[in-house]
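Please open the model in your viewer and keep the selection tool at hand. The stops below say what to select next and what is there.

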Amino acid sequence: MPEIQLPASLQDVEAVRSVRTPARLDYTFTPGDATSRFLAGITQKKIIGQQANPDSRVYVPARGADPELGAATPIEVEVAQVGTVTSFCVVNLQFYGSGMEIPYTSALILLDGADLSIMHLIQEIPADQVRIGMRVEAVWRDDADIEPTLESIKWFRPTGEPDDVNVRIPGEIRGTGLGSWVGGVAPTELTVRNPRTGEGGTAEFGGEG
Amino acid sequence: MTDQTEAGEILSAPLIIEYPFKRTTGPIIGAFLTGLREQVLVGSKAEDGRVIVPPAEFDPVSGNDLTELVEVGPEGVIATWAWVTAPHAKHPLDDPFAWVLVTLDGADTPMLGALKADGIDAVSTGARVKPVWAEEREGHIDDIAHWVLVDDADEGDRA
Amino acid sequence: MRDIAVISFAQTPARRSVPELNEVEMLMPAVHGALEQVDMTIDDIGFTCSGSTDYLAGTAFSFVSTLDSVGPWPPIQESHVEMDGAWALYEAWVKLQLGEIDTALVYAYAKSSPGDLPMVLTRQLDPITVGPLWADSVSLAALQARSLLDSGKATEADMAEVVARSRKDALGNPNAQLAWDRSAEDILAEEYHIAPLRKSDCAPITDGAAAIVLAAGDVARSKVKRPAWIRGIDHRVEPIHLGLRDLTISASTSIAAGKAGVADGKVDIAELHAPFSHQELILKEAIGLGDDTTINPSGGALAANAMMTAGLIRIGEVATRISNGEADRGVAHATSGPCLQQNLVTVLEGEN
């Protein structure tokens with residue numbers, strides 16, 4: 001670092017080395033069409049997925065465009081309120097703004113009939129017993145407290161059904177990368193479906209596959 | 001399966017983004033902020049001899065490090081200004097005021113500030129101004145509470 | 001250098017607020033429209049580049065979800081700039097010059113309505129010596145306007161003439177947000193907003209999106225009768241500190257215009273990205289445009305100014321007029337940052 005020449009008046013005082021510059025910006029957020037329609041379903045305790053055409057993937061929640069097709073998703077499909085844990089993590093840190101007791105579990109849950117996992121909490125089971133493939137169901141708030149927010153589903157809890165053994169294991173280099181697969185069926189070994197053409201193909205995976 | 005339905009009324013929610021940043025200044029900007037705390041204004045001397053305020057860390061032409069800091073001001077002249085009739089809650093002053101670019105005595109480039117003045121007719125390019133220091137200073141641009149015009153009486157005081 | 005042309009351009013109608021759509025929903029008609037005009041799909045596109053900034057709507061990484069509008073899965077070659085889409089177009093042009101692809105899609109969008117735009121834009125200023133003062137974009141432009149007036153190069157009447165002409169031309173632009181027929185005298189009778197600027201001197205706040213398809217050589221010729229060829233393109237930046245700049249000129253625009261070859265031929269039309277009336281006067285001088293050039297036939301940024309998008313729209317407006325035969329050669333300018341800090345100049349030309 002170059003030698004700095006200070007004027008005499010600043011040579012014998014403690015130098016400032018850092019400065020706080022807090023800033024706050026206020027916005028009015030509107031969710032847009034697809035998310036509004038999803039939230040309208042939530043107020044009726046329905047989980048509504050959306051798709052671009054009858055043969056394309058069902059996104060839950062939809063964000064307005066199908067990333068395979070680049071198309072809007074006007075078709076609404078109600079999906080099941082039960083699904084399979086496709087991945088999870090155990091949270092041991094208290095985050096700002098979170099009222100959760102730690103440790104708790106956040107999971108990706110592929111609802112039956114959906115092609116995209118949603119992220120939500122797993123409760124009513126000790127965090128160390130949550131596992132990939134576990135079948136879970138939505139637990140709603142009391143009817144009086146249902147609002148257009150995903151928080152109207154308090155959490156998911158185990159259904160007690162047998163685990164889905166076909167679930168994709170994170171770390172296996174398979175599947176589509178979307179955390180899910182069409183029809184809820186795991187790809188056969190070393191075979192992936194091309195999500196754009198719908199054709200299967202043999203992948204040459206290296207590493208841990 | 002249903003076709004697309006009307007979304008009905010538009011949902012909205014407040015969204016507040018906060019940036020609670022603490023920034024490392026480096027020695028040049030640090031010296032400028034140190035100066036503000038000590039009620040001293042400094043600039044950096046560029047390779048062509050110009051004095052740049054707030055100090056630049058590098059020469060605007062060559063890009064070389066600038067290392068010589070010199071005292072400037074505290075008075076200066078208005079290089080340009082803009083009159084704010086209805087200040088925003090985030091602006092430095094609550095009453096109508098002028099943004100000013102002030103070229104401090106001994107400086108060659110102007111710096112931005114908020115000038116407290118009686119009205120738009122009181123402000124003009126070339127007018128002399130001086131800083132009003134905040135009572136509590138910590139090494140922050142807000143250590144200059146605002147700027148005021150140097151009026152004739154002040155000129156008398158200076159003489 | 002490869003011959004690269006703008007072959008397609010689409011934009012959404014500019015509106016003050018589009019609260020019923022999220023960003024990707026607002027953007028899709030522009031992207032799809034630009035592709036459909038030339039009967040292409042994303043599979044025909046070699047490279048996609050976008051321009052936007054997440055600060056406007058306060059939704060971090062929203063540029064990732066807007067990419068869904070093009071169908072990015074399986075992964076496509078794409079990139080993003082936190083700049084006006086004109087700079088995304090520049091990146092795509094460079095990529096096309098490398099010769100490995102023949103087509104590129106460029107898009108840009110902004111939803112400024114959820115936030116307080118002039119204050120959001122303070123976050124692009126020096127974070128220590130200027131940012132904490134919350135010197136908004138209109139205030140900084142007013143400082144520049146005062147400098148220009150003090151220099152004697154322009155008067156408030158000159159500014160009002162720019163406003164009157166722009167908003168009147170905007171009456172013929174179906175995508176304009178602000179269009180009316182009022183005299184300069186009428187505008188001068190308005191009270192100051194942030195003096196010396198009146199509200200009419202300022203661009204509106206806009207939600208909107210635009211997209212352009214670029215193609216090289218024979219691919220361009222096969223898609224459209226009269227491609228708008230990019231004959232030159234260059235961009236330059238000035239220091240972040242306003243005090244280091246002469247605000248009465250645009251040195252970066254002058255250099256970019258020189259490098260882009262503006263002076264190599266007659267300029268029929270120019271679309272200048274001037275969000276404030278006085279900036280058009282500065283830009284006209286900086287680019288060296290004469291009175292024989294029609295400036296901002298679309299109404300320019302004073303008619304609609306979707307952030308990160310209005311610069312790309314300038315290129316599209318010139319290209320459209322070249323492709324439809326209204327003009328043979330034109331200049332498009334884009335700006336970003338406070339008081340014309342960064343500037344990009346494109347020269348477009350049609351073949352006869």
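Predicted model: local features only at pLDDT ≥ 70, side-chain atom pairs only at ≥ 80, totals over all residues.

Start by selecting helix α11 of chain C, residues 310-323: 14 of its 14 residues are buried, so the rest of the structure largely encloses the helix. Residues are numbered from 1 along each chain as its sequence is written, and chains are lettered from A and ligands numbered from 1 in the order in which they are written. Helices (H or I, at least four residues) and strands (E, at least two) are DSSP runs, numbered from the N terminus.

Stay on α11(C) and check its length. At 1.5 Å a residue its 14 residues should span 20 Å, and the end C-alpha atoms are 20 Å apart, which agrees; the expected span is 1.5 Å times one less than the number of residues. After the helix comes C:Gly325, with a positive phi near 85°.

Next, show chains B and C together. Their contact (C-beta atoms, placed from the backbone, within 7 Å) takes 32 residues from chain B and 27 residues from chain C. On the chain B side, β1, β6 (76-84), β7 (97-104) and β8 (111-116) each give two or more residues, and β6(B) gives the most, with five residues. Select β6(B) with β5(C), residues 192-195: these strands pair in the antiparallel sense over two bridges, pairing being at least two DSSP bridges between two strands. B:Val84 has C:Ile194 as its bridge partner.

Now switch to chains A and B. This contact takes 42 residues from chain B and 37 residues from chain A. The largest share of the chain B side, eight residues, comes from α1(B). Select β2(A), residues 23-29, with β1(B): seven bridges join these antiparallel strands. Look for A:Thr28, whose bridge partner is B:Pro14.

Finish inside chain B with strand β10, residues 144-149, which runs parallel to β8(B) and is joined to β8(B) by two bridges. There B:Leu115 stands opposite B:Trp147. Strand β9(B), residues 128-133, pairs with β10(B) in the antiparallel sense over five bridges, and B:Lys130 stands opposite B:Val148.

Terms used: Contact = placed C-beta atoms within 7 Å. Buried ≥ 20, exposed ≤ 12 C-beta atoms within 10 Å, placed from the backbone.
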